[in-house]
Amino acid sequence: METHPPGIPPASAPLLQVDGVTLAFGGVKALTGVGFGVQAGSITAVIGPNGAGKTSLFNTISGFYRPASGAIRFKGQDITRVPAPQRARLGLGRSFQNIALFRGMTVLDNIKLGRHAHLKTNVLDALLYIGRARREEAALRAEIEERIIDFLEIDHIRHAPVSALPYGLQKRVEMARALAMQPEVLMLDEPVAGMNREETEDMARFILDVRAEWGVTVLMVEHDMGMVMDLSDHVVVLNFGQVIAQGTPAEVQANPEVVRAYLGAGNVGDLRARFQAGSATAVQGAAA
Ligand SMILES: Nc1ncnc2c1ncn2[C@@H]1O[C@H](COP(=O)(O)OP(=O)(O)OP(=O)(O)O)[C@@H](O)[C@H]1O
């Protein structure tokens, strides 16, 4: 029997819970009975070979896809039927695999757009929302924007159009925009895809700092095994739409099924070496 008040999860309950989620596109089953929890304050990574269902899972958690069965729970609340914008307002912020910034707009304007998740949309709200409260929110918003710009070290490019920026910086702006939603869980879709080693290291540092300084829980999909293994507390491995393993980085690296998923047939030592070398390309190449 539950002893905690309704709506408030017990202290040990995951902040975000994915429960038996199944998703199909026509005849293609993208996800089958996927379940795992994301603990508050953790960095959790979802990995898996190409086509394993990682993006489908992210889209289901953020509300772009509705699962055929199963549930998504956030802070103890069943949000399976809650529309995507409302999930963002509840505290699920995300970035996208392919940068989804407005390229003609400046960095600052893109960050301001991130705040959209918190803007009042209801007409009555808008009418009531005048005077002091409005000015206070504008001041608070500016303060948050400044804090994000400072934190991500993008002050020097705040007025630059996004299209003029190198790829690594664009990814950082995408993260800034997701942070502007003031998420409790920041969902990062391939945060270091296409980055060189230096950019990857910078982004890894920002992800660690976002958790340490902002208290944000991180859920990421990432192919860069070195980064996943270095940063994550918990790793969930998908293959053909199913969770085939989950646990600490050490546990999943030692799991023969994970090795088989990536390499076809298993040489655990070889895969471990690849994981440690941080060479996602090598792992994917070997799987191809
Ligand atoms: N919109 C869609 N319509 C039909 N099938 C889809 C759609 N999106 C994904 N799929 C299929 O669902 C399965 C999972 O795809 P998904 O993109 O989620 O995998 P992934 O792990 O993110 O792959 P990658 O690492 O290449 O990004 C694949 O078989 C894919 O072809």
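Predicted model: local features only at pLDDT ≥ 70, side-chain atom pairs only at ≥ 80, totals over all residues.

**Entry 1**

I began with the strand order and found an open sheet of 6 strands, E6-E7-E8-E3-E9-E10, with mixed pairing. Strand E6 (92-94) and strand E10 (242-247) stand at its edges with a single partner strand each, so one side of each has no neighbour in the sheet. I looked up the twist as well: the average is 20° from one strand to the next.

Next I went through some of the pairs. E6 and E7 run parallel and are joined by 3 bridges, with Leu 92 opposite Val 185 in E7. Strand E7 (residues 185-189) is also parallel to E8, this time through 5 bridges, and here I found Leu 186 opposite Val 218 in E8. On to strand E3 (residues 43-47), which runs parallel to E8 with 4 bridges between them; Thr 44 has Leu 219 in E8 as its bridge partner.

**Entry 2: strand E8**

Is strand E8 enclosed or open to the outside? I checked burial and found 5 of the 5 residues of E8 (residues 217-221) buried, so this strand is largely enclosed by the rest of the structure. Then I sorted the side chains by direction: Thr 217, Leu 219 and Val 221 point one way, while Val 218 and Met 220 point the other way.

**Entry 3: two helices**

I checked the length of H7 first. Its 18 residues should span 26 Å at 1.5 Å a residue, and I read 25 Å between the end C-alpha atoms, which agrees. The buried residues of H7 are Thr 200, Met 203, Ala 204, Phe 206, Ile 207, Val 210 and Trp 214. At the start of H7, I found a side-chain oxygen of Asn 196 within 3.1 Å of the backbone nitrogen of Glu 198. Just after H7, Gly 215 has a positive phi of about 65°.

For H6, 12 of the 13 residues are buried, so the helix is largely enclosed by the rest of the structure. Among the buried ones I listed Lys 171, Arg 172, Glu 174 and Arg 177.

**Entry 4: the ligand**

Which residues come nearest to the ligand? Of the 14 around it, they are Gly 51, Gly 53, Lys 54, Thr 55 and Ser 56. An N or O atom in the side chain of Lys 54 is 2.7 Å from a ligand oxygen. A polar backbone atom of Ala 52 is 3.0 Å from an oxygen atom of the ligand, and a polar side-chain atom of Asn 50 lies 3.2 Å from a ligand oxygen.

**Entry 5: the antiparallel sheet**

Last, I turned to an open sheet of 4 strands, in the order E2-E1-E4-E5, with antiparallel pairing. Strand E2 (28-38) and strand E5 (77-78) are the edge strands, each pairing on one side only. I found 2 bridges between strand E4 (residues 69-74) and E5, and Phe 74 stands opposite Gln 77 in E5.

Technical notes
Residues numbered from 1 in each chain as written. Heavy atoms only, no water. Buried < 20%, exposed > 50% of the residue type's maximum accessible area, 1.4 Å probe, protein only. Pairing = 2+ DSSP bridges. Axes fitted to C-alpha atoms, helices over the stretch in contact; angles between N-to-C directions. Near = heavy atom within 4 Å. Polar contact = N/O pair within 3.5 Å; in protein donor to acceptor, adjacent residues only side chain to side chain. Expected span 1.5 Å × (residues − 1).
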